[in-house]
Amino acid sequence: MPVPEAPERSLKDYWGILLRRRWVLLSFFVICTGTATLGTYLMTPLYRASTTLIVEGENTVLHAEESGSSGMNFDLFENYLETQMALIKSRSIAGAVANEFKLPESPRYQKREGLGKLLEKKFTDDIHLQRVPGTRMLAVSVDNPDPQKAADLANRLADVYAQENLSRRSLTFIRNQRMSALNAEFSHLQQQYDSLSKQFGPKYPAMIDLKKEIDVMAKRIAG
């Protein structure tokens, strides 16, 4: 008895099979793509470059070698260091360096979709800060697949931080000088008022004018 021949499958039949198993195929594709991406990501060698910078304290903050005599001052300095480390990773410093080097456009930091989001990196993830024990120095390290770029990024972070710190210190100095001048003027007016008050009452015209000046100066000092 002859065996019946299997019916030939048309393209439409194959298309139907693909449609029925589309989720299996899609899952397989996603797993393969994700595995390949992860493998490439993990196999990419990273280089770490480091530089050091000195954290200059504000006028109200003791240097590290001066802070051991007082627990309160030591805590104040430690908090100041933590603040400076946060500043280095902030938008104004790390963000500015990232934009300068166009890092958001680079493969390492580009936006990813789907499972790729698990591998998404931020520039701040590759910045490592460590205090050099017993000093006012911070080690600034950056990881990158390109050793030269890692070095350039670390050095640029230190430069931008130093520039911003210098600007802050300059503003603090100017503000302190201004406040010192205001306090000196306020003290002079107060002395004049006290001297005149020994001869005249508070309703004397000169006393009234001085009192107004003192009140205005007090508001300026209060800010």
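Predicted model: local features only at pLDDT ≥ 70, side-chain atom pairs only at ≥ 80, totals over all residues.
Before I turn to the residues, let me say that a side chain counts as buried under 20% relative accessible area, as exposed over 50%, and as partly exposed in between.

I will start with the salt bridges, of which a search of the whole structure finds seven. In one of them the side chains of Glu-78 and Arg-131 come together, at 2.3 Å from N to O, and this pair joins distant parts of the chain, since Glu-78 belongs to helix α3 and Arg-131 to strand β2, 53 residues apart. Glu-78 has 23% relative accessibility and therefore counts as partly exposed, and Arg-131, with a relative accessible area of 23%, is partly exposed as well.

Another salt bridge is formed by the side chains of Arg-156 and Glu-100, at 2.9 Å from N to O; because Arg-156 lies in helix α5 and Glu-100 in helix α4, the pair ties together parts that are 56 residues apart in sequence.

Asp-126 and Arg-108 also form a salt bridge, with their closest N and O atoms 2.8 Å apart, and here both residues are buried. Through shared partners, salt bridges join Arg-108, Lys-121 and Asp-126 into one network.

Let me finish with helix α5 and helix α6, whose axes come within 10 Å and cross at roughly 155°, and which are therefore roughly antiparallel to each other. Their crossing is left-handed, and the residues that make the contact include Leu-182, Phe-186 and Leu-189 of α5 and Leu-210, Ile-214 and Met-217 of α6. By class, this contact has 13 nonpolar, three polar and four charged residues.

Definitions and conventions
Residues numbered from 1 in each chain as written. Heavy atoms only, no water. Axes fitted to C-alpha atoms, helices over the stretch in contact; angles between N-to-C directions. Helix = DSSP H or I, 4+ residues; strand = E, 2+ residues; numbered from the N terminus. Parallel < 35°, antiparallel > 145°, perpendicular 65-115°, else oblique. Left-handed = near helix turned anticlockwise from the far one by under 90°. Contact = heavy atoms within 4.5 Å. Nonpolar A, V, L, I, M, F, W, Y, C, P; charged D, E, K, R; others polar. Salt bridge = Lys/Arg side-chain N within 4 Å of Asp/Glu carboxyl O. Buried < 20%, exposed > 50% of the residue type's maximum accessible area, 1.4 Å probe, protein only.
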